[in-house]
Amino acid sequence: MLELRGISGPYNGLGTKIRFIKDCYRKSLLDPRIRGRAEEWAGKGSRLVQTRNLYEALKHGMVYMADPVGVEMTKSPSVMMDQMEGSYSRTVKGDCDDMACMAYAMLNSIGIPAKLRVAWYKGRSLPQHIYVVAFPGIGREVPFDLTSKRGFGVEHPYDRVKDF
């Protein structure tokens with residue numbers, strides 16, 4: 001059974017990671033802070049405007065920090081929110097799966113459909129990255145990669161991807 005507050009250990013497979021993040025989303029529905037903060041940060045406007053607003057707020061409140069070498073950790077949205085609320089600067093550190101977990105939960109909680117996207121780069125056999133793509137009702141997906149230096153709606157060129 002997966003602990004819904006966070007998992008830690010060696011990388012134990014893509015399926016386990018995806019199940020954990022989706023379980024975190026279901027569990028986050030019980031935490032009113034997740035939807036409440038998502039609604040606050042998304043604000044008013046079209047779904048695309050709300051998606052961009054939420055991206056900018058999360059990007060401002062999260063700092064990328066890789067997991068320790070040899071350890072794979074994923075934080076649930078509730079853990080991320082606890083850390084954000086307990087931080088003087090209102091920022092929290094996490095890697096791509098932590099950020100994807102939070103973004104996936106927040107977008108879906110306010111009715112903006114989202115999927116998890118796993119990407120492979122440089123011909124490697126294991127995926128190197130996970131992020132979210134949002135579907136804000138404009139007829140196409142919008143990349144929502146909080147680790148990207150390229151900004152909202154842009155994704156790094158990949159060899160292949162798989163959506164969940």
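A cavity, as the word is used in these legends, is a set of grid points where a 1.4 Å probe fits but cannot get out, and its lining residues have an atom within 4 Å of such a point. With that in hand, welcome to a set of close-ups of a predicted model.

**View 1. The largest cavity and the residues around it.** C96, M99, A100, I130, Y131, V132, F144, D145, L146 and T147 make up the lining of the largest cavity. Two elements each give two or more residues to this lining: α5, which covers 96–109, and β6, which covers 129–134. The volume of the largest cavity is about 30 Å³, and the structure holds one cavity of 30 Å³ or more. Sorted by class, the lining residues of the largest cavity are eight nonpolar, one polar and one charged.

**View 2. The largest pocket.** Here the volume is about 580 Å³. Which residues sit closest to the centre of the largest pocket? They are Y64, D95, C96, Q128 and H129, out of 25 residues that line the pocket. The elements giving two or more residues to this lining are α1 (14–28), β2 (62–64), α5 and β6. By class, the pocket lining has 14 nonpolar, four polar and seven charged residues.

**View 3. An aromatic cluster around Y55.** Y55, F144 and F152 form one aromatic cluster. The model has three aromatic pairs by the rule that ring centres lie within 6.5 Å. One of them joins Y55 and F144 edge-to-face, with 5.3 Å from centre to centre and 90° between the planes. Why does this pair tie together parts that are 89 residues apart in sequence? Y55 belongs to helix α3 (residues 47–61) while F144 belongs to strand β7 (residues 142–144), so the contact bridges that separation. Y55 is buried, with a relative accessible area of 1%, and F144 is buried with a relative accessible area of 1% as well. Y55 also pairs edge-to-face with F152, at 5.3 Å centre to centre and 65° between the planes. F152 lies in the loop between β7 and β8 (160–163) and Y55 in helix α3, so this second pair ties together parts 97 residues apart in sequence. Y55 and F152 are both buried.

**View 4. A charge over a ring.** The charged end of R160 sits over the ring of W120. Its distance from the ring centre is 3.8 Å.

**View 5. The largest nonpolar core.** This core has 40 residues, and L58, M62, M106, V132 and F144 are those with the most contacts inside it. The elements that supply two or more residues are α1, α2 (32–42), α3, α4 (77–85), α5, β5 (114–120), β6 and β7. Which element gives the most to this core? That is α5, with ten residues.

View 6. C101 lies in helix α5 and counts as buried, at 0% relative accessibility.

View 7. K122 has a positive phi of about 55° although it is not a glycine. P68 is found in the loop between β2 and β3 (72–75), and it is partly exposed, with a relative accessible area of 44%. The C-alpha atoms of P68 and V133 are separated by 26 Å, with the two residues 65 residues apart along the chain.

Terms used. Residues numbered from 1 in each chain as written. Predicted model: local features only at pLDDT ≥ 70, side-chain atom pairs only at ≥ 80, totals over all residues. Heavy atoms only, no water. Phe/Tyr/Trp six-rings, centres within 6.5 Å; stacked < 30°, edge-to-face > 60°. Helix = DSSP H or I, 4+ residues; strand = E, 2+ residues; numbered from the N terminus. Buried < 20%, exposed > 50% of the residue type's maximum accessible area, 1.4 Å probe, protein only. Lys NZ or Arg CZ within 6 Å of the ring centre and 35° of its normal. 1 Å grid on protein atoms, 1.4 Å probe; cavity = no way out; pocket = protein on both sides within 12 Å on 5 of 7 lines; lining within 4 Å. Points joined across faces, edges and corners; volume = space filled by probe spheres on them. Nonpolar A, V, L, I, M, F, W, Y, C, P; charged D, E, K, R; others polar. Core = buried A, V, L, I, M, F, W, Y, C linked by side-chain atoms within 4.5 Å.
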